[in-house]
Amino acid sequence: MSDKERALRFYTEMLRIRMVEEEIAARYPQGKMRCPTHLSIGQEAAAVGVGQALTAQDLAVSTHRAHAHYLAKGGDLRAMLAEIYGKATGCSGGRGGSMHLSDPSVGFIGSTAIVGNSMPVGVGLGLSLQLQNSSAISVVYLGDGSIEEGVFYESVNFAVVRNLPVFFVCENNFYSVYSPLKVRQPEGRVIHEMISGWGLPTMHGDGNDVEEVYRLATACVDRIRRGEGPVFLELTTYRWREHCGPNYDNDIGYRTEEEFVAWKEKDPVSVYREMILHSEIATERELSLVSEGIRKEVDGAFEFAERSEFPSSESAYQKVFA
Ligand SMILES: Cc1ncc(C[n+]2csc(CCOP(=O)(O)OP(=O)(O)O)c2C)c(N)n1
Ligand SMILES: [Mg+2]
């Protein structure tokens, strides 16, 4: 892939996630998406930089905020939107909603609503890959909030002890719902520094810089593929919208407008767009064609989701464990 192709790929993938989620936010008030949605707007570079360092054979699990991870791994857009609309054509048959995304055909095994819950699943996937002598790896996406859960320690510990091919990717957006890190973790703690004492290499970087994320993720993935065991990567980033839902909520006072504005200036999509234009990697016209193509795809996918049928009432007891 040439440098230009790579830059356009990064840009297209980030913009696509942005446009999908902005459309979700715009249509959410219609009341047809009846599940909670946690948008990743502002955090696209982390998902895309990591996603581009993976292959379709690599496996991934994620959290409640999974749209970007699913799309960046190659998950089917129409099946994701149909799932959010609760339709039978959705990736979980319309039973799971936004937080239960899955597309095994591209290795996106699943996301769950219970914070921390997918971490041991991702470690188990790593164990299964190791037992099969596979060259694929397992990626565990997590937020800064899951670091505070006991299962995080257990998951990392087991992966280290068994030298598993597991890539822990922590998106540190500084908040767990309305609680900033300073009321949740001891003052002065640096997450990746703490974890570096647990027996695995750690890396960290700017989660809003797609090229930096890609470079770091590639180094982590290469090492894991060589059989050198798990790696932990911490990426700092910021969510723009409310924790859950389509709106902005800075007015309620848990974070300052200044902080929000400072992060908005580090918008991964528009900063990268400026870089592409400034470096003459592509022209305005080429970038417009990119967004026009995405617009068509996104509109078509929403149309598909809206037109799809709800699951039949006779199927209500199928795929349910009780
Ligand atoms: C076990 C558990 N505890 C609490 C919650 C409520 N909850 C949902 S998302 C969330 C915040 C998680 O923060 P973080 O891991 O940093 O992810 P972010 O939302 O910032 O992406 C919490 C506490 C939950 N879903 N599961
Ligand atoms: Mg967080």
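This short report walks through a sheet, a pair of helices and a ligand site in a predicted model.

Let's start with the sheet. Strands of a sheet pair through backbone hydrogen bonds, either parallel or antiparallel. Here, six strands form an open sheet with parallel pairing, in the order S2-S1-S3-S4-S8-S7. At its edges lie S2 and S7, each of which pairs on one side only. From one strand to the next, the twist averages 15 degrees. Inside that order, S4 and S8 pair in the parallel sense over six bridges. To find one of these links in the structure, look for Phe167, whose bridge partner in S8 is Val231.

| S2 | 108–111 |
| S7 | 202–206 |

Now for the helices. Two packed helices are described by the angle between their axes and the distance between the axes. At what angle do H5 and H6 pack? H5 (residues 118–131) and H6 (residues 150–161) pack at about 10 degrees, and their axes are 9 Å apart. The two helices are therefore roughly parallel to each other, since angles under 35 degrees count as such. On the H5 side, Met119, Pro120, Val123 and Gly126 make the contact, while H6 contributes Val151, Phe152, Glu154, Ser155, Phe158 and Ala159. By class, this contact has seven nonpolar, two polar and one charged residues.

Finally, the ligand. Ligand 1 is surrounded by 15 residues, and the closest are Arg65, Val115, Gly143, Gly145 and Ser176. Sorted by class, its shell holds five nonpolar, eight polar and two charged residues.

Technical notes. Residues numbered from 1 in each chain as written. Chains lettered and ligands numbered in written order. Predicted model: local features only at pLDDT ≥ 70, side-chain atom pairs only at ≥ 80, totals over all residues. Near = placed C-beta within 6 Å. Nonpolar A, V, L, I, M, F, W, Y, C, P; charged D, E, K, R; others polar. Axes fitted to C-alpha atoms, helices over the stretch in contact; angles between N-to-C directions. Helix = DSSP H or I, 4+ residues; strand = E, 2+ residues; numbered from the N terminus. Parallel < 35°, antiparallel > 145°, perpendicular 65-115°, else oblique. Contact = placed C-beta atoms within 7 Å. Pairing = 2+ DSSP bridges.
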